[in-house]
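Please keep the sequence and the structure in view while going through the numbered points.

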Amino acid sequence: MDKELYKILYVVREYAKVYNITPYIVGGFIRDYLLGKNPRDIDFLIHPFNVDFIDHIVKILNGRLVILDEERKYFRIVIKNKEKTFVLDFTPIYQQNLLFEIIRRDFTINSIVLNLKNFKIFDPLRGLEDLERNVIKLSSPNSLREDPLRILRVFRFGASGFKIDKNVLENIEKNSQNLSKIKPERIHEEIYKILKNPFTSHFWKEMEEYGVLKEIFPELSKIKYIPWSKPHHENPLDHSITTLYVLEDLFYNMDFLFPSIKKDLENYFSKNLFSEFTKKETLKLTSLLHDIGKSKTYSIDEENLVHYYGHSKVGAEMIKEIAERLKLSNKELTFIQKLIRNHMYLIDLMKNPEIKTIHKLISRVNEDVPSLVFLFISDQIAIKGNFENKDYFEKLLEEFFKLKNIPKPLLSGHEIMQLFNLNPSPIVGTLKEKLIEAQIEERVKTKEEAIKFLREILENERYSSGNNS
């Protein structure tokens, strides 16, 4: 056991004797410790409850006291030691009855209680047995109704390797509509906790099957019912889940597929984007949502082929509503929108390499070229079933990581239109791409130089506002 953890448990146990308190440890700490992990969050039940005891623990362990709920007596102590942070939660026993407290827990594997005073285990729901069998069972038939967020926790535990008991899935189906009662911030975080696991695609299928997906992502659930045709071989929802499956496989095999840039890719995808979650999780979420625009754009031609013209742009706009509903941060919204808007862009680039592809990509998504490339590869493999042009993408990513800096455009597309009296057109995009190329090569360093650079291009190539109005 970790020395600092041992000290914390020793101090709580010894001072509980002084105050004539019985401290119990319950919840995820025991589960994770028995699984061989190093948990740092500990839930204590103390009886009888004594605030002076908690104040004393704060002083002895040099912690910080946080009052979570003074009326219900929920207290937290945060202890920071070097690079480690321990979080101790202290609460009274529900109705002073330990069995009532246990039944109120979410799953049996989280209902195992250790009496820290005599080191005896209290396990009336046979959580140890379920932990050994690696199975998720509910602590009571009312567990999901009392806190519907537990529905998403079921899938999080499933994605981390636990088997989900059939009765739990049936209970989820009965209670999935209650997710609408949960604060969106809690759902937002739980979605990321699911995606933090390495392989999650199967569980998104189960969420659809048991009525959960339509509650958290109705836009995604809806595309199951729209038509599709070749080159696709499955409906748009199944395709989106397959895209996630391929993406997670790419992450798992990154050192084999891209050995020369493995470390660069790992550093890029490990950058935080929301709370402690990274671009990796957010890209997984993007892969699930990348085709939601198809629900509003599909059409069927004379040969009975289905088209989704403009679905990338429409899908990027639809993300705004999802972001508002789930309280996504501006960083997440910007990241997801630009990837969805451009997720088909590489098809055209591969056909028309007029300007260096990397410069075009940077002008579109700036530093998030790796995410766009990974999304595109995953999408295409999900459609075609094989990885085409691997060498092309590897060289593209190598070229990206060789760049010393990724500059932001000195002039936006809107500014270029205003300065040179241009209407929206491909010319604006071309000018922006050429400007990015010049910035990367350090031929242009200031806004004034950028204006002069583009003016010369327009004059030399005989563009004029009159020709492009």
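1. Overall description. The model under review is predicted. The chain has 469 residues, of which 51% count as buried. Its secondary structure comprises 25 helices and 13 strands. Taken along the principal axes, the C-alpha atoms fill a box of roughly 90 × 55 × 40 Å.

2. Contacts along the sequence. Contacts between residues at least 6 apart in sequence were examined, and 68% of them join residues at least 24 apart.

3. The largest pocket. Its volume is about 2,100 Å³. The lining consists of 50 residues, and those closest to the centre of the pocket are G28, D43, R153, R156 and K193. Which elements give two or more residues to this lining? The helices are helix 2 (28–34), helix 7 (150–159) and helix 9 (184–195). The strands are strand 2 (41–47), strand 4 (74–81) and strand 5 (84–92).

4. By class, its lining divides into 24 charged, 19 nonpolar and seven polar residues.

5. The second largest pocket. About 470 Å³ of space lies within it. Of its 13 lining residues, N342, S363, R364, V365 and K432 are the closest to the centre. At least two lining residues come from each of helix 18 (330–341), helix 20 and helix 24 (426–440). Helix 20 gives the most, with four residues. The lining of the second largest pocket has six charged, four polar and three nonpolar residues.

6. The cavity. How many cavities of 30 Å³ or more does the count give? The count comes to one. The largest cavity holds about 30 Å³ of space. Its lining is made up of D2, L5, N38, P39, R40 and F86. Sorted by class, these are three nonpolar, two charged and one polar residue.

7. A helix contact. Two packed helices are described by the angle between their axes and the distance between the axes. For helix 15 (residues 262–269) and helix 21 (residues 369–384), the axes come within 10 Å and cross at roughly 100 degrees. Angles from 65 to 115 degrees count as roughly perpendicular, so helix 15 is roughly perpendicular to helix 21. Helix 15 contributes L265, Y268 and F269 to the contact, while helix 21 contributes P370, S371 and F374. Five of the residues in this contact are nonpolar, one is polar and none is charged.

8. A loop residue. N366 is found in the loop between helix 20 (357–365) and helix 21. Is N366 buried or exposed? N366 has a relative accessible area of 18%. Buried means under 20%, so N366 is buried. Which residues does N366 contact, once its neighbours within four places in sequence are left aside? The partners are L361, F400, I406, P407, K408 and P409.

9. Points to locate in the view. The student may begin with G28 and D43, two of the residues closest to the centre of the largest pocket. Helix 20 may be traced next, as it supplies four residues to the lining of the second largest pocket.

Notes
Residues are numbered from 1 along each chain as its sequence is written. This is a predicted model: local features need pLDDT of at least 70, side-chain atom pairs count only at pLDDT 80 or more; totals for chains, interfaces and linings use all residues. Side-chain values use heavy atoms; hydrogens and water are left out. Axes are lines fitted to C-alpha atoms, for helices over the stretch in contact, and angles run from 0 to 180 degrees between N-to-C directions. Angles under 35 degrees count as roughly parallel, over 145 as roughly antiparallel, 65 to 115 as roughly perpendicular and the rest as oblique. Contact means heavy atoms within 4.5 Å. Ala, Val, Leu, Ile, Met, Phe, Trp, Tyr, Cys and Pro count as nonpolar, Asp, Glu, Lys and Arg as charged, and the others, Gly among them, as polar. On a 1 Å grid over the protein atoms alone, a cavity is a set of points where a 1.4 Å probe fits but cannot get out, and a pocket is an open set with protein on both sides within 12 Å along at least five of seven lines; lining residues have an atom within 4 Å of a point. Grid points are joined across faces, edges and corners, and a volume is the space filled by probe spheres set on the points. Buried means under 20% relative accessible area, exposed over 50%, partly exposed in between (1.4 Å probe, protein chains only).
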